[in-house]
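Good morning, and thank you for coming. Today I would like to walk you through one contact between two protein chains.

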Amino acid sequence: MSKPKLALYWAASCGGCEIAVVRLYAKILDVAEIFDIVLWPCIMDFKYKDVEALPDKSIDLCLFNGAIRNSEQEYMAHLLRAKSKALVAFGTCAYTGGIPGLANVANREIIFRRVYDETPSTSNAEGVRPQLSYQVPEGELTLPKFYDTVRTLAQVVPVEYFIPGCPPVKEQVEAVIQAVVEGKLPAPGSVVGASDKTVCDNCTRIREEKRIRSFYRPWEIIPDSSRCLLEQGIICAGPATRGGCGAPCLSVNMPCRGCYGPPPNVTDQGGKLLSALASIIDSQDPAEIERVVDAIPDVLGTCYLFGLPASLLGRVRLEGNALPAREAVETAKAL
Amino acid sequence: MAESKNDVRIGVYVCHCGSNIAGTVDVDDLTSFAQQQGSVAVARNYKFMCSEPGQALIKKDIEELGLNRVVVASCSPRMHEPTFRRVCEDANLNPYQLDMCNIREQCSWVHKSGATGKAKALVSAAISRAYYLQPLERREVLVTPAVLVVGGGIAGIQAALKVAEAGHKVYLVEREPSIGGHMIQLDKTFPTLDCSACILTPKMAAVKAHPDIELMTYSEVVDVQGYVGNFRVTIRRKPRYVDESLCTGCGICQEKCPWKADSEFDCGLGQRKAIYTPFPQAVPNVPVIDPEHCVYIQKEGKCGACLKFCERGAIDFTQKEKMVDVEVGAIIVATGYDLMDPSAISRLGYKRFPNVITSMEFERLCNATGPTGGHITIDGKEPKSVAIIHCVGSRDEKYHTYCSRVCCMYALKFAHLIGEKIEGAQVYQFYIDMRCYGKGFEEFYQRASSEAVNFVRGRPAQVTDFAMTPEEKGKLVVVCENTLVGRPVRVPVDMVILCPAMEPRADAKEVARRFNLSQSADGFLLEKHAKLDPVATANDGVFIVGCVQGPKDIPDTVAQGLAGAAEALALIEKGRVELEAATAFVNEAACSGCKICVSLCPYSAITFSETEKLSHINEALCKGCGVCVAACPAGAIVGRHFTDQQILAEVAALLVDTRPATVAV
Amino acid sequence: MVVPSNNWEPTIVGFLCNWCAYQGADLAGTSRMTYAPNVRIVRVMCTGRIDPTFVLKAFQSGADGVIVAGCHPGDCHYSEGNYKTIRRVTLLRKLLSQMGIDPERFRLEWVSAGEGAKWAQIADEMSAAIKAKGPLAWWETLKEA
């Protein structure tokens with residue numbers, strides 16, 4: 001009886017999800033025992049053509065991390081979809097777009113201009129830009145097409161399961177692998193490796209009353225480590241974020257940033273977070289409300305840090321190839 | 001029994017509403033469009049969907065086609081949602097599985113073109129929402145069998161008497177020291193020329209005497225909590241400094257009090273004492289001490305004449321204001337009107353000339369209990385000629401565009417009274433139209449015409465004391481164009497009576513807020529329906545009667561007072577009231593105890609259980625506003641009948657014709 | 001940049017509260033006022049029910065403009081719902097401008113039950129203003145250049 005096949009792939013990602021798997025420590029050997037790994041670019045030497053040679057639906061489980069931001073990643077998403085029985089969006093980038101998803105405030109031209117022309121240490125008088133195709137004596141060299149818009153895995157191909165987390169916490173990765181081995185996965189389309197409540201359910205801080213007179217950045221005050229951070233004015237996305245991570249950020253006095261994505265009954269995580277934050281501002285005076293809200297320099301970044309591609313609007317509308325004038329930039333300069 | 005996707009069967013009914021809708025919207029096109037939408041089992045149109053045959057059509061389809069959702073595209077849901085909900089109920093379909101689509105007030109009546117296209121989008125949205133509608137449970141609570149009447153004018157008095165007659169408890173709260181309102185200030189009333197006090201004081205006495213009416217004068221409503229059938233009202237009882245239980249109304253305190261102030265009752269034309277009853281027939285006949293003019297209060301114990309002379313020891317300067325809570329099932333707001341201050345219209349000379357007075361001031365002059373003992377005199381002089389200027393501030397784009405309804409009639413009444421009291425007096429009526437529409441009014445007008453009253457059709461440009469001829473010396477001259485003759489006239493008179501507009505009270509906005517009512521564009525309080533529901537309001541259980549709802553005369557005020565009593569009694573007799581079904585509830589599997597919702601509810605319907613780490617919503621207190629639903633970051637609070645799923649589907653369908661078919665939203 | 005055809009008309013979604021704005025819009029109807037047909041109304045019981053997500057959904061689904069209309073501050077039928085609306089709209093505006101949506105495409109207005117004329121005027125003004133701006137056509141944003 002041949003072993004079940006396992007593939008792991010990284011698209012637009014930071015590598016943290018690879019580490020999340022490696023953090024199984026000794027258990028990784030068990031994984032290698034149980035599964036026949038057929039693709040793992042970070043760790044092992046299989047080539048794309050090895051995957052192309054496999055029959056369709058022959059990979060039992062594919063853990064796909066990273067968002068889709070270029071044509072190679074899109075190609076691999078389609079390839080692995082065809083070859084896999086269960087395609088899993090592993091980690092926040094694949095699930096909701098993650099940090100790479102923030103590139104949706106820009107487009108290819110803006111990014112290339114920055115990278116290839118404008119950074120302080122760039123010297124590119126010839127204006128060299130990456131080419132899709134380049135002829136050399138040895139033949140044709142190609143580079144993937146860099147897209148304007150970052151997408152989630154499910155926006156490109158159908159996906160069976162989603163494991164949120166940036167990265168998914170060790171205990172949850174173990175639990176998911178265990179569930180796969182035991183054949184105990186829920187209905188396709190589900191989020192696994194997480195709870196159905198929010199981060200507040202994991203957080204042990206004391207909650208009293210939510211009335212905000214001012215918002216603070218985490219460095220502006222030294223928060224009481226036993227009390228709810230939001231009640232102290234520090235924006236915590238915990239109430240609008242799926243739980244199951246154990247709230248590790250809260251235990252080191254940092255607010256939740258929302259990496260586990262929206263709770264089960266929420267369509268647009270950023271919209272809900274925005275609604276909740278605004279609702280508890282303790283004022284009925286428009287001018288005062290304006291003042292309180294001005295303390296949040298980057299509302300988009302606050303609300304959609306990990307989920308811009310998965311949000312209802314998906315990306316920023318640009319006029320031409322210019323980043324919109326951002327209050328964030330001005331405020332940052334002022335500070 | 002759970003419904004599967006395929007089990008949703010929607011019936012769509014497009015109403016022509018005669019030509020109101022069908023004249024602008026292509027109802028056949030709309031109907032066939034509706035028929036093509038997903039899950040629509042049948043789509044029909046009919047001339048008048050709300051009529052008996054129209055309703056029967058829907059009922060039949062529900063029964064025979066097994067419909068489990070109904071969409072009616074017709075007038076505003078504010079018009080007929082209850083009607084069609086009843087149709088559903090009669091056909092054993094839960095009334096909350098009905099969705100109404102407004103293609104009349106917000107479509108056919110307002111758009112000359114584009115109405116059909118918009119109607120299609122609206123129907124599409126209604127169908128999408130209807131798909132997700134769920135049956136809702138209706139619950140009932142008992143009605144407290146007591147009524148609060150706010151305002152002790154004729155409207156409030158009449159309402160209170162009728163409710164008490166039916167054997168139910170009434171709390172009658174009046175701001176002034178006595179009930180009677182403005183009517184008790186009047187001399188005679190049109191068209192019968194009854195003495196106002198003579199017809200009103202028996203009713204006032206009846207109020208005092210009735211065992212079921214608890215009269216609280218010199219008191220104000222400060223807070224209203226609860227909902228229809230179950231209101232809890234806080235009333236501030238201002239200190240009279242006179243013990244009501246000891247006072248016999250002998251009046252010696254008023255006689256002996258050395259301190260005077262302008263009499264509000266006499267419109268400042270006369271004076272009263274610092275301890276006073278506003279008028280002799282006051283109910284209750286217990287004076288109040290005006291702290292601003294009472295030297296004992298102002299100068300810490302100096303004076304004390306009333307203390308000395310009161311044989312019953314009823315004066316009590318230690319009294320403090322008291323807050324009283326009452327529980328009632330219905331509230332009748334009868335707070336009345338104010339007359340506009342015509343000094344804003346300076347060209348008419350009010351406050352500049354002492355013999356330019358308002359109609360209410362004239363009533364006081366005319367009245368036997370007034371400052372001149374019923375003699376029409378200014379500074380002791382009797383006018384031989386009087387001008388009465390109609391529509392001062394009414395029918396005027398600069399002030400109030402509405403007509404104040406009563407002035408034409410009382411102007412005629414004044415002419416009659418002046419003719420009676422002053423031999424040979426000439427009266428000039430400066431009018432725009434003579435509005436004498438009521439029972440006996442036209443006859444009264446005919447009498448006035450035959451009593452040698454001069455009518456000048458025109459709006460006076462000014463009232464001046466600048467004499468241009470010898471006859472005008474020492475008189476006031478009304479300068480006006482007589483539009484029927486087409487020539488300007490200058491009419492010298494000894495006195496000018498202005499008919500100022502009837503206005504909402506100065507604190508109408510606050511009253512509206514206190515009772516959670518709306519104001520019409522003119523500032524009076526808003527009734528539920530101008531024709532068919534004139535005393536009910538959008539706030540169930542709160543009724544508005546009398547001039548608080550708009551200018552009207554005494555017969556109409558009394559009729560409304562009785563109507564308000566009928567409404568309140570209907571509520572009490574039914575004994576039960578239905579709670580709002582479209583309330584919010586917490587999905588306990590999703591609530592993570594963040595507490596964001598807890599401080600948001602204005603009805604304190606949300607409580608938090610520390611043991612369960614969950615929020616709870618009290619469905620008897622919840623009004624279904626949805627604030628908590630929108631705020632909950634976990635999506636754990638569900639707003640029945642307005643769920644996220646229903647609204648998002650509605651929005652997506654509303655815009656289906658604006659985007660390419662390939663775009664998924 | 002989306003170039004509209006000559007016949008293009010903007011579509012504006014209006015979220016109106018049942019007690020004030022919706023009634024005001026009804027009054028414009030009973031008074032037979034005429035105004036532009038570009039605003040399509042979604043009725044909610046209170047503007048306090050309006051989740052910013054609804055506004056985002058409207059733009060995503062094809063709206064060229066969105067208006068939220070409710071009772072004047074202090075007059076909310078449910079006491080304070082419209083104050084919550086002010087709070088949410090203030091924060092939402094910042095997000096919309098960061099998303100590249102022209103702030104004039106989103107309006108918050110107070111319309112009482114007696115202000116039929118005001119509703120008609122708002123509908124006309126906003127329709128004309130958005131027509132001048134052109135379509136938003138949000139789905140174009142997601143297209144690759």
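This is a predicted model: local features need pLDDT of at least 70, side-chain atom pairs count only at pLDDT 80 or more; totals for chains, interfaces and linings use all residues.

In it, 30 residues of chain C are in contact with 35 residues of chain A. The area buried between these two chains is about 3200 Å², and carbon and sulfur atoms give 61% of that area. On the side of chain C, the residues that lose the most area to chain A are C:R87, C:L91 and C:Q98, which together make up 23% of what that side buries.

Let us consider the polar side of this interface. There are 19 residue pairs in polar contact between chain C and chain A, counting pairs with both residues at pLDDT 80 or more. Helix α3 of chain C gives the most to the side that touches chain A, with 11 residues. That side of chain C divides into 15 nonpolar, six polar and nine charged residues. The rule also finds two salt bridges across the interface. C:K94 forms a salt bridge with A:D294, where the closest N and O atoms are 3.6 Å apart.

Now to the helix pair. Helix α9 of chain A, residues 269–279, packs against helix α2 of chain C, residues 52–61, at an angle of about 145 degrees, and the axes are 8 Å apart. From α2 of chain C, the contact is made by C:P52, C:T53 and C:L56.

Finally, is C:T53 buried or exposed? C:T53 counts as buried because its relative accessibility is 5%, under the cut-off of 20%. Leaving aside neighbours within four places in sequence, its contacts include A:K272, A:L312 and B:L648.

Conventions
Residues are numbered from 1 along each chain as its sequence is written. Chains are lettered from A and ligands numbered from 1 in the order in which they are written. Side-chain values use heavy atoms; hydrogens and water are left out. Axes are lines fitted to C-alpha atoms, for helices over the stretch in contact, and angles run from 0 to 180 degrees between N-to-C directions. Helices (H or I, at least four residues) and strands (E, at least two) are DSSP runs, numbered from the N terminus. Contact means heavy atoms within 4.5 Å. Buried means under 20% relative accessible area, exposed over 50%, partly exposed in between (1.4 Å probe, protein chains only). Buried area is the accessible area (1.4 Å probe) that two parts lose on being put together, summed over both. A salt bridge is a side-chain nitrogen of Lys or Arg within 4 Å of a carboxyl oxygen of Asp or Glu. A polar contact is a pair of N or O atoms within 3.5 Å; within protein, one must be able to donate a hydrogen and the other to accept it, and residues adjacent in sequence count only if both atoms are side-chain atoms. Ala, Val, Leu, Ile, Met, Phe, Trp, Tyr, Cys and Pro count as nonpolar, Asp, Glu, Lys and Arg as charged, and the others, Gly among them, as polar.
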